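Hi everyone, thanks for coming. Have a look at the structure on the screen, and then I'll walk you through a few spots.

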Protein chains: 4
Amino acid sequence: MDLRLDPLPPATSNPARQYGRPEHPGLRADLYRIIFESDTRAGRLFDLVLIALILVSVTVVVLDSVQALSVRHGEIFDVLEWSFTLIFTVEYLLRLYCVRRPLAYATSFFGIIDFLSVVPTYLAMLMPGAHLLLDVRILRLLRIFRILKLTSYVDEYRMLGRALVAARRKILIFLSVVFMVVLLLATVMYAVEGPANGFTSIPTALYWAITAVTTVGFGDIVPKTDLGRAISSVTMLLGWGILAVPTGIISSEIAAQRSLPSADRRCAACGSDGHAPDARYCKDCGARLEAAAEE
Amino acid sequence: MDLRLDPLPPATSNPARQYGRPEHPGLRADLYRIIFESDTRAGRLFDLVLIALILVSVTVVVLDSVQALSVRHGEIFDVLEWSFTLIFTVEYLLRLYCVRRPLAYATSFFGIIDFLSVVPTYLAMLMPGAHLLLDVRILRLLRIFRILKLTSYVDEYRMLGRALVAARRKILIFLSVVFMVVLLLATVMYAVEGPANGFTSIPTALYWAITAVTTVGFGDIVPKTDLGRAISSVTMLLGWGILAVPTGIISSEIAAQRSLPSADRRCAACGSDGHAPDARYCKDCGARLEAAAEE
Amino acid sequence: MDLRLDPLPPATSNPARQYGRPEHPGLRADLYRIIFESDTRAGRLFDLVLIALILVSVTVVVLDSVQALSVRHGEIFDVLEWSFTLIFTVEYLLRLYCVRRPLAYATSFFGIIDFLSVVPTYLAMLMPGAHLLLDVRILRLLRIFRILKLTSYVDEYRMLGRALVAARRKILIFLSVVFMVVLLLATVMYAVEGPANGFTSIPTALYWAITAVTTVGFGDIVPKTDLGRAISSVTMLLGWGILAVPTGIISSEIAAQRSLPSADRRCAACGSDGHAPDARYCKDCGARLEAAAEE
Amino acid sequence: MDLRLDPLPPATSNPARQYGRPEHPGLRADLYRIIFESDTRAGRLFDLVLIALILVSVTVVVLDSVQALSVRHGEIFDVLEWSFTLIFTVEYLLRLYCVRRPLAYATSFFGIIDFLSVVPTYLAMLMPGAHLLLDVRILRLLRIFRILKLTSYVDEYRMLGRALVAARRKILIFLSVVFMVVLLLATVMYAVEGPANGFTSIPTALYWAITAVTTVGFGDIVPKTDLGRAISSVTMLLGWGILAVPTGIISSEIAAQRSLPSADRRCAACGSDGHAPDARYCKDCGARLEAAAEE
């Protein structure tokens with residue numbers, strides 16, 4: 001079934017295929033193993049240090065946005081920021097140096113993220129007014145996903161991904177139906193309450209309807225007429241109730257993913273299946289089972 | 001079991017049965033295939049163009065409600081709106097022309113929606129004051145459901161529908177119990193807090209109770225007395241906790257729908273289906289079943 | 001297992017056992033069949049009329065609380081209210097008359113509800129100040145449950161009840177852990193934010209913590225300090241996340257209830273079980289199965 | 001699989017192993033049985049009395065924080081508080097006396113909680129200004145968990161614990177992805193709305209984003225620009241939708257825990273367990289299994 005197509009690259013489709021691991025051993029190949037892979041001691045150490053640097057640098061960006069801290073510790077933040085930028089710049093250049101196809105890397109998703117992680121600091125120095133640009137540095141956070149893909153958590157990560165992908169068509173259908181209902185309700189509320197009560201336009205009413213359906217309920221826009229309150233009661237109950245649908249979809253997907261592995265193991269002697277994932281003997285006739293297929 | 005009765009028409013119950021496909025080949029039959037069906041190339045193209053037109057025209061309705069945009073781009077919106085209205089009018093007339101029983105179509109659900117999609121624009125021209133009427137055009141959105149029923153997403157759509165229908169009695173019981181509890185709580189809060197604290201009547205208290213039970217919590221009406229806060233704490237915990245019930249109902253329904261692959265295994269002897277996935281003999285007549293079809 | 005003990009009376013434990021159906025045929029026995037049972041045509045008609053009367057009378061109570069309506073239609077409401085009170089009084093007296101043990105009925109749960117449904121109207125006439133007393137009439141709503149127990153919806157009703165009862169210990173454990181965590185968080189917030197920011201006492205902080213954990217978020221009390229906001233972020237994530245736990249508990253209970261019936265049917269020929277609820281032949285050897293045990 | 005490692009001590013790992021039950025019979029051993037164990041009549045009575053004392057003393061702490069009650073009943077609260085403190089002090093000393101390794105007990109988790117339950121009252125007497133310190137007494141609540149571990153509810157408690165532990169890696173992955181997305185959205189909102197609309201810093205925007213994603217929606221900070229409202233609509237839908245993921249994870253974990261009844265079926269030949277419910281042969285050595293125990 002085409003829905004089961006795996007959207008997450010299997011373990012073998014590592015960066016080596018995408019950007020090209022250098023062909024001959026040497027400094028570039030060694031660097032490549034350290035920077036892009038994590039099956040050596042140095043590679044794992046590099047990953048850990050990088051994660052720590054990313055987290056600290058993101059923390060600095062966050063703290064720097066607080067007026068009080070920025071005024072008091074601004075200079076420390078600047079020094080730290082420049083250190084991180086220099087380290088990440090060196091790392092970026094090394095990545096460009098050690099891959100076989102630098103252009104393929106530079107235009108890949110993570111290549112662009114790596115570039116956006118360092119360039120705002122330089123730009124902000126050149127254009128003193130572009131202060132807002134500095135917030136782009138928060139994208140550094142996304143670099144953690146690259147490392148996550150290499151770690152032992154990859155199984156859980158891919159299992160959740162598979163469940164979401166398998167449920168994608170059901171979720172899409174569900175979301176479009178929800179969106180239509182919400183748009184209809186928003187238009188009704190716009191007509192009923194009107195600009196006088198804060199429902200100044202259909203987009204504003206849509207924003208309100210989404211706060212109601214998702215049960216967020218900020219309360220900055222609220223119905224004031226009795227009819228509007230009655231309609232919004234229906235909207236709230238609807239949103240509260242239909243939350244059960246995506247939950248049900250994903251629950252059953254995850255349960256299905258969980259019970260999948262045994263499906264492809266069949267007893268050669270009596271043909272029964274449904275064996276426990278770790279079974280070595282057939283539960284129905286006691287014959288020895290084949291080893292579980294490598295996933 | 002009567003609960004399993006399919007509320008969604010099976011694939012064979014297409015519009016042909018409802019409005020009547022023209023009996024003899026010719027222009028009407030050709031138009032019918034394009035407009036009402038989607039198994040030809042022209043039919044699919046027609047559907048795609050229609051969905052695009054509906055989405056764009058709804059977007060214009062939404063944007064036109066924004067004061068700032070309406071003032072600045074009002075004329076473009078008017079031109080676009082009249083174009084859509086004319087196109088949809090032609091489409092409506094063609095639909096009337098090519099079905100065998102025009103009256104049956106005109107009084108069907110989608111016939112009325114089609115009519116309501118075009119008539120407000122003409123009415124608003126005749127009665128300049130009836131501006132609110134224009135919002136009725138948002139009903140055009142519902143026309144997308146007709147096309148959705150013909151597409152390949154129909155399986156997921158019908159599966160979700162079946163799960164909801166199968167769970168309908170449980171959900172109805174659940175909702176009526178919830179409604180009674182909420183009405184009792186609202187009356188208690190009306191008595192405890194009273195008009196002085198914003199609980200001006202039982203309907204208003206009911207609106208508040210629904211914001212609390214559904215965990216929306218707009219905050220326009222809030223308890224002020226200690227007793228009222230205690231009761232509303234109970235209300236909130238109740239609403240938060242019982243959300244688990246519909247989720248559980250629907251999760252188990254969807255899981256049950258999913259484990260009905262047996263629908264395509266049919267006893268050759270007595271024609272019954274609904275066999276357990278691992279059944280080897282027919283549960284109704286005891287005849288040997290075919291092996292389960294490979295999924 | 002003692003958790004499976006059925007808290008809802010089985011179908012045979014009808015009111016006949018509790019209040020006593022009159023022993024000899026006659027007027028009392030006929031009345032009893034109509035009023036307390038629903039297996040005759042007159043009995044079902046009585047139930048339908050009673051549900052309609054209850055719903056209309058509750059609607060009158062609700063509408064009467066709206067100032068504007070009460071002023072304009074007060075007299076109609078009064079006439080309607082006295083009609084309902086007289087009808088319900090006659091019904092109450094008939095119930096007392098036709099049961100074998102009137103005292104047992106009068107002191108039963110539904111006997112008290114029936115009494116509370118009529119007495120406030122009389123009391124409010126005697127004591128003009130006791131206006132609040134009239135809200136007690138909303139308890140009439142509970143009388144619908146008695147009729148619900150007799151209808152065909154009783155299966156779904158009891159199935160949901162069984163699932164909740166089976167999950168009761170897990171839910172109790174869960175709720176007490178949640179309550180302790182919430183009380184600890186409330187105390188911390190009371191210490192951090194203090195009376196100056198609206199957290200005037202631990203009970204008030206508890207009310208706030210419940211609005212946060214249940215994701216209601218009225219917004220009448222909000223943290224103002226940075227530390228308070230950090231703690232409340234944790235509180236919100238906690239509440240949002242742990243909602244998954246009761247949902248999981250109840251989902252798996254409902255799924256278990258659903259898959260129960262087949263457990264007690266075992267093929268006499270080959271001993272296999274797990275047959276479909278409506279199976280007549282063994283799915284593993286084709287032998288005829290015993291009829292399903294009456295539940 | 002290492003994820004199934006039981007984080008909750010099995011029934012045999014009772015306090016006796018941790019703090020040491022006195023070796024020789026006598027007063028200390030008798031006290032130990034009463035205070036630390038609950039398999040004697042006196043032990044159970046002790047537990048019940050202790051739970052009652054803890055609950056009442058916590059209630060006093062809570063009520064004492066209410067200004068109005070504190071002023072009126074302050075003296076009663078003081079007397080009660082000193083009584084509880086003295087009782088808990090005696091209990092703490094008895095615990096120290098009757099265990100074999102008092103230091104191991106005093107530095108254990110519950111030893112520290114026991115100490116923190118009594119010491120604030122003495123400290124507040126010595127340092128009259130340290131009023132806030134009194135709130136530490138709320139930690140007494142945690143002492144209930146110790147008793148809970150000894151009661152018959154321990155099965156449900158441990159079952160929930162096992163499900164959460166088994167799901168821990170999936171939940172961790174999920175939470176870190178959610179946190180990154182929330183931080184990115186918060187930064188975008190900080191850039192879009194800015195300090196003028198209440199988004200004074202990234203941490204403040206993060207607090208807002210968490211209220212939106214968890215659907216709490218206090219409403220103290222709300223988007224005011226159209227772009228901000230559009231982004232926050234996406235944020236709300238995201239939070240509402242992804243709530244389905246942890247629910248699905250935990251639902252399927254609990255269902256999996258439930259379907260492990262096989263734990264009590266053990267192969268007589270090799271001692272392995274975890275067989276499928278309908279297994280007839282051991283999955284590890286192929287020996288014939290006993291029939292499943294009647295539940």
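Predicted model: local features only at pLDDT ≥ 70, side-chain atom pairs only at ≥ 80, totals over all residues.

Residues are numbered from 1 along each chain as its sequence is written, chains are lettered from A and ligands numbered from 1 in the order in which they are written, and side-chain values use heavy atoms, with hydrogens and water left out.

So, helix 10 of chain C, residues 202-213. Helices here are DSSP runs of H or I with at least four residues, numbered from the N terminus. Eleven of its twelve residues are buried, so helix 10 of chain C is largely enclosed by the rest of the structure. Buried means under 20% relative accessible area, with a 1.4 Å probe and protein chains only. Among those buried residues are C:Tyr207 and C:Trp208.

What do they pack against? Helix 11 of chain B, helices 9 and 11 of chain C, and helix 3 of chain D.

The structure holds eight cavities of 30 Å³ or more; a cavity is a set of points on a 1 Å grid over the protein atoms alone where a 1.4 Å probe fits but cannot get out, and lining residues have an atom within 4 Å of a point. Of the 14 residues lining the largest one, the closest to its centre are A:Thr215, B:Thr215, C:Thr215, D:Thr215 and D:Leu243.

How values were computed. Helix = DSSP H or I, 4+ residues; strand = E, 2+ residues; numbered from the N terminus. Expected span 1.5 Å × (residues − 1). Buried < 20%, exposed > 50% of the residue type's maximum accessible area, 1.4 Å probe, protein only. Contact = heavy atoms within 4.5 Å. 1 Å grid on protein atoms, 1.4 Å probe; cavity = no way out; pocket = protein on both sides within 12 Å on 5 of 7 lines; lining within 4 Å. Points joined across faces, edges and corners; volume = space filled by probe spheres on them.
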